[in-house]
Amino acid sequence: MALRNSTPVSEAAQDATELSGLFLEKPESVVDMVFTAKVDSSSLQRKPTLKWLKGKWLDLGSKAGKHLQFKETYDRNTKVYTYEMKIVKVVPGDAGGYRCEASAKEKCDSCTFEVTVEERATFQTGILHNFKLLNGCQQIHNCPYMLIFLSLAVSISQSCALFHSTRKKKEEPKEEIDVWELLKSAHPSDYEKIAFKYGITDLRGMLKRLKKMKAVEPTKCDAFLRKLDSAYSVDKDKRIVLSVEVVDPNAQVKWLKNGQEIKQSAKYIFESVGNKRTLTINKCSLADDAAYECVVGEDKCFTEVFVKEPPVTITKLLDDYHVVVGERVEFEVEVSEEGAHVKWMKDDVELSRNESHKYRFKKDGKRHWLIINEATLEDIGTYHIFTNGGHSKGDLEVEEKQLEVLQSIADLTVRSAEQAMFKCEVSDEKVTGKWYKDGVEVHPSKRVKIAHIGRIHRLTIDDVKPEDAGDYTFIPDGYALSLSAKLNFLEIKIDYVPRQDPPKIHLDTTGNMVSQNTIIVVAGNKLRLDVEITGEPAPTVCWMKGDNVRTANIAITATEGRIRVENRKDLSCFVIEGAERDDEGNYTITVTNPAGEDKATLHIKIVDVPDPPEAVKCMSVGEDTATITWEPPKFDGGAPIKGYLMERKKKGSSRWTKLNFDFHTSTTYEAKRMIEGVLYEMRVFAVNGIGISQPSLNSKPFMPIAPTSEPTRLLVDDVGDSTCTLKWLPPERIGAGGLDGYVIEYCKEGDTEWVRANKDLVERNGYTVRGLPTGEKMNFRVMAVNVAGLSPPALLSQAVTIREIMEHPKIRLPRHLRTKYIRKVGETINLVIPFQGKPRPVATWTKDGQPVDPKKVGIRNSFVDTILFIRSAEREHSGKYTLTLQIENMQDSASIDIQIVEKPGPPVAVKITDVWGFNAALEWQTPKDTGNCDITGYMIQKADKKTMAWFTVYEHNRRTNCTVSDLVMGNEYLFRIFSENICGLSEDPGVSKGTAIIAKTGLQYKPSAYKEKDMNCSPKFTQPLMDRSVIAGYSTAITCSVRGNPKPKIIWMKNRVIIGEDPKFLMQNNQGVLTLNIRKASSFDGGTYSCRAVNELGQDEVECKLEIREEVKEEIKCRNQKANIKKNATFG
């Protein structure tokens, strides 16, 4: 396909844009199908509004989605807004005219451009000459100031774009050919020749449109008093009413949708009241975007209903995520419409379901999810979600996974044939590992068993043998970590010599003992202390904690089984199941026999995770930060506190986000990257060598918020003898805290004590400070106030002297009143003319030099403006109105030309001047009453005397004569003519006095003798130039006709200056019909235009005046209606 922007830009248009426009850059070129417009907002009081339109009225903002994408950015440094429109996968339906409109409160600007979509052809020289516009087949001539994108070739196989840019060479003016008119008048057998000659590719589609155009030619309709409008527009889920008025109040009507009859239901409601018939469509959906017909008998009327889809907004924003490698991430968002289309992007790259299924997309009603099953470091970035009316983003941070050892393996001492079991616990249950003995990997066997259950890893050795003693190590896979313990084999020595030995306690100081006779146990774990005892005879063992005594011969019940003593020969085992903090203390073991006594004291220390931190609270907030403090836990778990971990969440949400992975040692933390205006809650975890505590209580909800920036553009609006009026604009940054009002302060120059001028906050952007000392120099400053406090002050650049200032009168005449002001008869005229001056000026109005009659024209004056009001305009109100301002001996004046127009009268003296063959020649005279404006054309209709059905022959005919062709032989015809001006057609037509009878063939015609006539003559204009009044910004043409032999030379002049090779103008000569086309007329193009014809026999000259005026609202509405009717006739 080939795409281009075909809007020529002249130097005059560029200069006009620099003086009065808003655009810094207009969408004049096509690059990757992204159109860019830039708007300078440095001189605007509020953000500009920009619309992208296709054709005359279609707002593309309602069509945003996968095919059309819009983007808006703002540069605070340059105060420039950048708007982009992107068309994805261009289709032929994207061809046509586009318009970009930027508007603010006091300014507006617009520009137009066209996009043509064509089949890609081989790049040859001929394509440069055959490249034409889609609308009207107009060619661009003499455009040295504009680069035209001649082609943008899209290659699907190579996935690349090829751009060619060149300047079009100057060509001789060429006659414009209207292909539609050729097809209308051509025989069907000539259609293919015309298509080949003028490069028409879609001949079948054009013939379908031509058939529909012929079908909607105006005919006399007897069934309808008022038909349907050409088109209707309605928002989705809203109601629309289609109504017609019929002639017969008892007539039955049928309503059709896309050719299918509509049945009455709760959605479609029919109503019939008198002559009025209505169709009501409730809760319009996209399926109701269709063509509708109303049928009464054989008569029909048509319309189109366009359903605008509302933009989809985001009601629940994305949250930020802070996870470790391997964790699952779910970004969740909620939109305003069910089933809405959304687009997920990561760092400006669109996400899709790739082969590895890394990303999963899920939606349920209004909620949408982006799921990452196992996060990796490559997933770090900013994730965006876009709808056609909203955007949200969330950050994903992924940290390397760290493995924590919850329980290490301990040294073991076992006897022969007993069981030895090493056990450890890590933080991740998915982690696997290997066991080693003295550096050699241990493999499972009948005696050796390796188990992995959840986070616990076990190595069990049954029937221990002396060769099993050694150093055992567990190494987790993927981590630089190892856990080691020693297995001691206890040999049993048998003394065969019976003797008495005093008892002896043999304590093993390895294993859990961190120092001599001190054993550390993690709360919740099991403690089994095996104490070897020797002595003959076997000694008696007694365990004591404090004053409590537990002996082996005391039965231990099930309730007392948590702490127990198990005695065997030469061995006493002290067991604590599920150690608790109360079990901490000094334990004494005493062994006695007849040979003596031995005693040993052990200290058991219970360590646990710490208690949660206390008193978590927010001390201060900023724009996106908050400072949090807390108190350390009351109990540190018996081990020093290593640091703290923080989490936060939005109020009302159940998802907590980690703020740090490294331990934070201080009890004060500054949380960053928060969203201003959102309520948050915080909680803190304490960490020691054993583990992580329970979370603290949630802090009270707090909101990151900051004062606004200082007010902008502070200036003095007025100064009196004791008053000073200040004006300013709102701060550039307001934030989520909103804006409650302003505080105004003043002080004398040189003083440092500021005095507040207003007791209550001022909500407006202006204030008058009263009670100031006359003649003093005063300084002023203004501060904005919100819930976060006062903003920085905005100061005046210099002190203000309090004294009344004389100001000359000045009339601020609006731009649309600087040219002729045209209104229709019966309309209301309400002109507001602002002015300035001090003291208050005296305003007086005159009409054509005479005072205004207050009975006909209402005048109302105020301090700053004057209003001229006419309730119902009449033609007698036309004239020149002058406003004069007077202050003592100073004055200013301005004039306004008001022209009241109405429909013209009928043409007069309509007569048939000649009838020959199947043709009839008509002539008439201009109407006596032109409606106080120029006649723009005539509409000619014919009627067969048998049927008296009137059919339109010509529209907008500018001459006062015409020839009617293709009349039927043997019929007798009447003719009538309507005159037309800017208000429309005349109420009554001018009817021809006689009739035109088309004689039947078979009669002999005896021609008179032919006498050759001398055709040489001096130039003479047969149709003069007519004065024109056109709207600024639109193209226009002035036309005249000349005859002369030899063929005269034509010279066009503007204000008596010859028009040369100016690309603004296009001069054409078609069989003596001279046309001067003026592209996009501006106020500089107004003036007197003249055309001079010269040959060797003489010369002749005609002239006219061209007035350029601003477009009024009624003309815009009328023009849009005509454009919609023409569009419906063209496209069906």
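Is Asp611 buried, partly exposed or exposed? Asp611 is partly exposed, because its relative accessibility is 24%.

A word on the model comes next. This is a predicted model, in which local features need pLDDT of at least 70, side-chain atom pairs count only at pLDDT 80 or more, and totals for chains, interfaces and linings use all residues. Residues are numbered from 1 along each chain as its sequence is written, and side-chain values use heavy atoms, with hydrogens and water left out.

Back to Asp611. Its side chain meets that of Arg581 in a salt bridge, at 3.3 Å from N to O. Asp611 sits in the loop between β47 (596-607) and β48 (614-621), and Arg581 in the loop between β45 and β46, so the pair ties together parts that are 30 residues apart in sequence. Strands here are DSSP runs (E, at least two residues), numbered from the N terminus. Arg581 is partly exposed too, because its relative accessible area is 35%.

The whole structure holds 35 salt bridges. Each is a side-chain nitrogen of Lys or Arg within 4 Å of a carboxyl oxygen of Asp or Glu. One of them joins Glu647 and Arg683, whose closest N and O atoms are 2.8 Å apart. This pair links distant parts of the chain: Glu647 is in strand β50 (residues 641-650) and Arg683 in strand β53 (residues 680-688), 36 residues apart. Glu647 counts as buried because its relative accessible area is 11%. Arg683 is buried as well, at 17%.

Another salt bridge pairs Asp929 with Arg875, with the closest N and O atoms 2.9 Å apart. Asp929 lies in the loop between β73 (919-925) and β74 (937-944), while Arg875 lies in the loop between β69 (865-870) and β70 (879-887), 54 residues apart. Asp929 is partly exposed at 30% relative accessibility. Arg875 is partly exposed at 29%. Elsewhere, salt bridges that share partners join Arg1056, Arg1092, Glu1101 and Glu1103 into one network.

Now the aromatic rings. The structure holds 16 aromatic pairs. Rings of Phe, Tyr and Trp (its six-membered ring) pair if their centres lie within 6.5 Å; planes under 30 degrees apart count as stacked, over 60 as edge-to-face and the rest as tilted. Tyr98 and Phe113 form a stacked pair, 5.6 Å centre to centre with 5° between the planes. Tyr98 is in strand β7 (residues 96-103) and Phe113 in strand β8 (residues 108-115), so the pair ties together parts 15 residues apart in sequence. Both Tyr98 and Phe113 are buried. Phe574 and Tyr587 form a tilted pair, because their planes stand at 55° with the centres 5.2 Å apart. Phe574 belongs to strand β45 (residues 571-576) and Tyr587 to strand β46 (residues 585-593), 13 residues apart. Phe574 is buried at 1% relative accessibility, and Tyr587 is buried at 2%. Ring pairs also link Phe35, Tyr98 and Phe113 into a cluster.

The last stop is the surface. Arg818 lies in the loop between β63 (807-811) and β64 (821-824). Arg818 counts as exposed because its relative accessibility is 58%. Together with Lys107, Lys810, Arg812 and Arg815, Arg818 forms a positive surface patch. Patch residues have over 30% relative accessible area and no salt bridge; like charges are joined within 9 Å, and nonpolar side chains (Val, Leu, Ile, Met, Phe, Trp, Tyr) within 5 Å.

Terms used:
Accessible areas come from the Shrake-Rupley method with a 1.4 Å probe; for residues, only the protein chains shown count as cover. Lys and Arg count as positive and Asp and Glu as negative; His and the chain ends are not counted. The place of a charge is taken as NZ of Lys, CZ of Arg, CG of Asp or CD of Glu. Helices (H or I, at least four residues) and strands (E, at least two) are DSSP runs, numbered from the N terminus. Buried means under 20% relative accessible area, exposed over 50%, partly exposed in between (1.4 Å probe, protein chains only).
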